[in-house]
Amino acid sequence: IVVRGNEKVLRARLADAEFFFEEDKKTSLIDLYQRLSTIVFHVKLGTLKDKVDRLSSICRFLSARLNYDDVSKMEKAIKIVKSDLLTHMVGEFPELQGTMGRIYAEVQGEDREVAVSIEEHYLPSSGNGALPQTQLGSIIAIADKIDSVVSFFSVGLTPTGNLDPYALRRQTLGVIKIVIDKKLHVPVAELIKIAYESGKDIN
């Protein structure tokens, strides 16, 4: 009875996932980019589109410093890096953020490195989690994390004691681990300044 009950639930969930997957494929990730303006990142920090737009400035700086010269590929990746958050699949299965972005990008014929960077920019997702393997994924991962840290600190939302609701400590450690793993030479003070100024430009 327990087995049959679980099978019934699993079949229903898998059927839902199949439906969401087919529906999501009807809309391109680049079309979803503009709709990011409908999702609030934080009441003091604007929308998800604002965050993505901030990433553009930070990534341009990092690309110049780290000799990543495919700017068009980078700009395309940034525009769609958060788009899967608007898909039916991620709405129903939030733990698949990034993973579904990569899959949908591949289905839509995006460049392999662009697709992989969508998944990699969330890494590491835990203290001992996997790190980005591509240069583009590493750049966007650093930019995304440093933007969150600088943005929240700039409006006075900092970790206190055991409380760190925005995971700023984890994101800071993520930046450090990527930099060490990839042996990157990044001027931290200048990176923080760029992140702070990109927020002022948009907000």
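I worked on a 1 Å grid over the protein atoms alone, where a pocket is an open set of points that a 1.4 Å probe fits, with protein on both sides within 12 Å along at least five of seven lines. Lining residues have an atom within 4 Å of a point. A volume is the space filled by probe spheres set on the points, which are joined across faces, edges and corners.

The model is predicted, so I note that local features need pLDDT of at least 70, side-chain atom pairs count only at pLDDT 80 or more, and totals for chains, interfaces and linings use all residues. Residues are numbered from 1 along each chain as its sequence is written, and side-chain values use heavy atoms, without hydrogens and water.

Largest pocket. I read a volume of about 460 Å³. It has 24 lining residues, and Lys82, Gln97, Tyr122, Asp144 and Arg170 are the closest to its centre. I then looked up elements, which are DSSP runs numbered from the N terminus (helices: H or I, at least four residues; strands: E, at least two). Strand S1 (40–42) and helices H3 (48–65), H8 (135–154) and H9 (168–182) each give two or more residues to this lining. H8 gives the largest share, four residues. I sorted the lining by class: ten nonpolar, seven polar and seven charged. Here Ala, Val, Leu, Ile, Met, Phe, Trp, Tyr, Cys and Pro count as nonpolar, Asp, Glu, Lys and Arg as charged, and the others, Gly among them, as polar.

Second largest pocket. I read about 200 Å³. Its lining includes Ile146, Val150, Thr172, Ile176 and Leu191. H8, H9 and helix H10 (188–202) give two or more residues each. H9 gives the most, with four. By class I found ten nonpolar residues, one polar and no charged.
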